[in-house]
Amino acid sequence: FVHAVIRRGEIMTIGQIRKELQDIRYYYSRKAIIDRASDCVAKNAAVALARKYNEAVRTAPPKLYDLYISLYTDNNTQASLAEKWGYSEGHIRYLNRQLYAFFQSAFEKTQKGGDEHEDGR
């Protein structure tokens with residue numbers, strides 16, 4: 001069973017979402033340096049990725065919104081977050097899978113909306 005969503009004619013898998021979230025996490029962990037370097041060098045693609053996911057997460061349930069902030073912008077590990085929140089690591093993994101599914105659905109809705117608008121339907 002492959003989790004996928006259509007993105008500009010391509011299939012976006014959970015693996016791709018996970019990879020993009022890892023890039024976002026790295027960007028936020030080094031944000032000051034990366035942003036400072038963008039004055040001399042072109043902005044890194046992770047900046048646009050962060051914007052895309054930040055926009056999508058606005059409509060997430062509060063717990064998934066908090067999870068996104070805690071894991072990907074605040075750079076917590078699942079283990080450290082489980083300890084802070086008083087949950088098991090397994091529960092944090094479960095919530096993270098829900099977050100992936102949320103992003104899949106959000107991007108699918110965006111794509112469908114974009115396609116209908118572009119086609120004039």
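Residues are classed by relative accessible area as buried (under 20%), exposed (over 50%) or partly exposed (in between), with a 1.4 Å probe and protein chains only. By this scale D35, at 25% relative accessibility, counts as partly exposed. The structure is a predicted model, in which local features need pLDDT of at least 70 and side-chain atom pairs count only at pLDDT 80 or more, while totals for chains, interfaces and linings use all residues. Residues are numbered from 1 along each chain as its sequence is written, and side-chain values use heavy atoms, with hydrogens and water left out.

A salt bridge is defined as a side-chain nitrogen of Lys or Arg within 4 Å of a carboxyl oxygen of Asp or Glu. This rule gives a count of four salt bridges. One of them links K31 to D35, with the closest N and O atoms 2.5 Å apart. Both residues belong to helix α2 (residues 31–37), where K31 and D35 lie four residues apart, about one turn of the helix. Helices (H or I, at least four residues) and strands (E, at least two) are taken as DSSP runs and numbered from the N terminus. K31 is partly exposed, at a relative accessible area of 34%.

A salt bridge also joins the side chains of D23 and K19, at 2.9 Å from N to O. D23 and K19 are separated by about one helical turn, because they are four residues apart in helix α1 (residues 14–29). D23 has a relative accessible area of 28% and is partly exposed; K19 is partly exposed as well, at 46%.

The side chains of E55 and R58 form a further salt bridge, with an N to O distance of 2.5 Å. E55 is partly exposed, with a relative accessible area of 48%, whereas R58 is exposed, at 56%.

Helix α4 (residues 62–73) packs with helix α5 (residues 78–85) at an angle of about 130°, and the two axes are 10 Å apart. Axes are lines fitted to C-alpha atoms, for helices over the stretch in contact, and angles run from 0 to 180 degrees between N-to-C directions. Angles under 35 degrees count as roughly parallel, over 145 as roughly antiparallel, 65 to 115 as roughly perpendicular and the rest as oblique; α4 and α5 are therefore oblique to each other.

Contact is taken as heavy atoms within 4.5 Å. On the α4 side, K63, D66, L67, S70 and L71 meet Q78, L81 and W85 of α5. By class, this contact comprises four nonpolar, two polar and two charged residues.

Definitions and conventions. Ala, Val, Leu, Ile, Met, Phe, Trp, Tyr, Cys and Pro count as nonpolar, Asp, Glu, Lys and Arg as charged, and the others, Gly among them, as polar.
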